[in-house]
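Student: Please put the model up, and let us work through one residue and then the whole chain.

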Amino acid sequence: MATEAATEVTGAVVAEAVAETAKQPHRLERKWTFWFDNQSKPKQGAAWGTSLRKAYTFETVEEFWCLYDQIFRPSKLPGNADFHLFKAGIEPKWEDPECANGGKWSVTSNRKVNLDTMWLETLMALIGEQFDEADEICGVVASVRQRGDKLALWTKTATNEAAQMGIGRKWKEIIDVTEKITYTFHDDSKRERSVKSRYNV
Ligand code: MGP
């Protein structure tokens, strides 16, 4: 009898602890920022980046889901617009010191549904710190374009081939892509519009 009562009490305590934990926000390893760039109505002569806006910085799983559900799905974007998720403190620009010597893996998507899925899988992998080379990651960009939607995963040290290849391979698994994907250096993009890829995986 006494044992039964003790079990009941223990059960109640555990249930209360679980409920309490569920109420607490689940903190991420680091803070992340969503950005938005709407170039659908570009101002004549405006420099690149004029329409780029920092939208939200968050650090819990709950905030992430709320922001994702309400706003940050590429299928909600107008044409010629981008969403970005970058580590807080890094701007999604070549000029940012963390990106200046970097580059990006790119993948194109033909269907909106596919872009949404690949974007979400990538976001979860980033905030869940699933890349071994997490320090090398800057962020991800989803772009809606007439000639094909695309995702780009920006990384820090373009010349570190081993790190970039590791990230590229892992990213393909995460987004379930079997076709070849390519890596370009920002330095090359700065010099010319159509750049040659440096790595493929
Ligand atoms: P892009 O990102 O390489 O190609 O940038 P995208 O988005 O496919 O091209 P779009 O025309 O469909 O928008 C295209 C151009 O934007 C580059 O050639 C640069 O002139 C400018 N640009 C892009 N980025 C990411 C930067 C940047 O970080 N800094 C600066 N200064 N210009 C940029």
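Student: In which strand does Asp 82 lie?

Tutor: This is a predicted model, in which local features need pLDDT of at least 70, side-chain atom pairs count only at pLDDT 80 or more, and totals for chains, interfaces and linings use all residues. Residues are numbered from 1 along each chain as its sequence is written, and side-chain values use heavy atoms, with hydrogens and water left out. Strands are DSSP runs of E, at least two residues long, numbered from the N terminus. The run at residues 81–87 holds Asp 82, and this is strand 3.

Student: Is Asp 82 buried or exposed?

Tutor: Buried means under 20% relative accessible area and exposed over 50%, with a 1.4 Å probe and protein chains only. The relative accessible area of Asp 82 is 6%, so Asp 82 is buried.

Student: Which side chain does Asp 82 join in a polar contact of 3.1 Å?

Tutor: A polar contact is a pair of N or O atoms within 3.5 Å; within protein, one must be able to donate a hydrogen and the other to accept it, and residues adjacent in sequence count only if both atoms are side-chain atoms. Contact in general means heavy atoms within 4.5 Å. Beyond four places in sequence, Asp 82 touches residues including Trp 35, Leu 77, Val 144 and Arg 145. The partner in the 3.1 Å polar contact is Arg 145.

Student: What share of the protein's residues count as buried?

Tutor: The protein has 201 residues. Those that count as buried make up 40%.

Key. Helices (H or I, at least four residues) and strands (E, at least two) are DSSP runs, numbered from the N terminus.
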